[in-house]
Amino acid sequence: MTASPTINGPAAGASPAERRLLRTAAPQSGFAPWKDPSKQPIIRFENVTKRFGDFVAVDNITLDIYEREFFALLGPSGCGKTTLLRMLAGFEKPTEGRVIVEGKDITDLAPYERSNINMMFQSYALFPHMTVERNVGFGLRQEGMPEDQIKARVNEAMSLVELGKFAHRKPHQLSGGQQQRVALARAIAKKPKLMLLDEPLGALDKKLRNQAQFELMRIQEQTGTTFVIVTHDQEEAMTVASRIAVMNQGRLEQVSTPGEIYESPQSRYVAQFIGDVNIMEGKVVSLPGDGTVEITPASGDGRIFKAGACEGLFVGQQVWLSVRPEKFRISLDPPQSNVNVVKGRVDDVGYLGSISHYHVHTEAGNRVTALRANSSHNVERAISWDDTVWLEWPAESAVVLKA
Ligand code: ATP
């Protein structure tokens, strides 16, 4: 899946790739409990497997999630993310392994015994005959909380999601986005330590979805609750999450911050799932021992690609070089160097206002994409269809992938 070029939100005018870079440049300052060995996770999946008959939906997952994280389970349909979330909520029981929350093994507890966990469902599951206010207070009333306390909690939750003026409406008198906020308010009103959200913004259109992502982030920060969200939308995960687990066929492919996932994917699967990427195949020809690796492209045209080496490389190994479109420097003139350069012909040009993207058919037969900012300082003439171009990139912006 690649990112859509539709632009909303605070970085309006920027491409999805640029917005990702903006985020990478300004990561959440200092919040990284997963790097602190003295910190205990609030959630631990320990060798968790879930089988439905012969089918393995979740395959031996071990994963720690920390207090106050906004954690995203990301992957294509059917990869097992909802099953993992449902095991945390207690709606599914692991076939093997343990689920531990706040140091306590909760694997065998029923959902209603997990009072510190609340789940917001994709369908919202609002009661149509109840007003917004009654819907939001429903769980508290079930628990037998006194009415005056319910009123205070409901008001607090409704003001957090800015629903106050709709308190007396019924769900059918609300838009999709407003209904989603009611479901969120109802979940928040119970003040859980853990909020589980299964595709919470799935029913919203692109523009509302983008707004709602920022609302979710604000609410998560204000309440200090740990959020675990399931999404198949990589842009959504990149926008909201402190860390992302990319899942593939019941397994974890990579668990990292959005910036690391984008800049340092560990496999072609992750690189291709997160945004636009160009993958070029090659063979390791030299490991000079200075932390770099030299690769000959599969096209065998005598050129050399240089990049930072990763662990476990050997000469002769088949590898893939991943270069993001914005890392290419596209030019009408041949560069001085012969390293990290490919020559090609422009197949297609897309103008997106502040940037243009170029689809280039390389001499080696690959189709790659380059981005270029449309700055008034560009001295070259505009690059157009059928132009012969050179794409060059710095060694440090290419990632070597072994799988
Ligand atoms: P989506 O984004 O489409 O919801 P997902 O990644 O959340 O997908 P899951 O709902 O976790 O995927 O399902 C993982 C796999 O397990 C799927 O192939 C699904 O068909 C299968 N599965 C889920 N629940 C059951 C069940 N109760 N019985 C049999 N198979 C199931």
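Q: Which strands form the open sheet that contains β15, and in what order do they stand?
A: Strands are DSSP runs of E of at least two residues, helices are runs of H or I of at least four, and both are numbered from the N terminus; two strands pair if DSSP finds at least two bridges between them. In this predicted model, five strands make up an open sheet, ordered β15-β19-β16-β17-β18, with antiparallel pairing. Its edge strands, β15 (329–331) and β18 (367–373), each pair on one side only. Angles run from 0 to 180 degrees between N-to-C directions, taken on axes that are lines fitted to C-alpha atoms, for helices over the stretch in contact; from one strand to the next, the twist of this sheet averages 40°.

Q: Over how many bridges do β16 and β19 pair?
A: Strand β16 (residues 341–351) is joined to strand β19 (residues 388–392) over five bridges in the antiparallel sense, and Val342 has Leu391 in β19 as its bridge partner.

Q: How do the axes of α3 and α5 cross?
A: Angles under 35 degrees count as roughly parallel, over 145 as roughly antiparallel, 65 to 115 as roughly perpendicular and the rest as oblique. The axes of α3 (residues 132–142) and α5 (residues 176–189) come within 8 Å and cross at roughly 30°, which means that α3 is roughly parallel to α5.

Q: Which residues of α3 meet α5?
A: Contact means heavy atoms within 4.5 Å. Val132, Asn135, Val136 and Leu140 in α3 meet Val182, Ala185, Arg186 and Ala189 in α5.

Q: How many helices and strands are there in the protein chain?
A: The protein chain has nine helices and 20 strands, and its C-alpha trace spans about 75 × 45 × 40 Å along the principal axes.

Q: Which conventions apply to the numbering and the values?
A: Residues are numbered from 1 along each chain as its sequence is written, and side-chain values use heavy atoms, with hydrogens and water left out. Local features need pLDDT of at least 70 and side-chain atom pairs count only at pLDDT 80 or more, whereas totals for chains, interfaces and linings use all residues.
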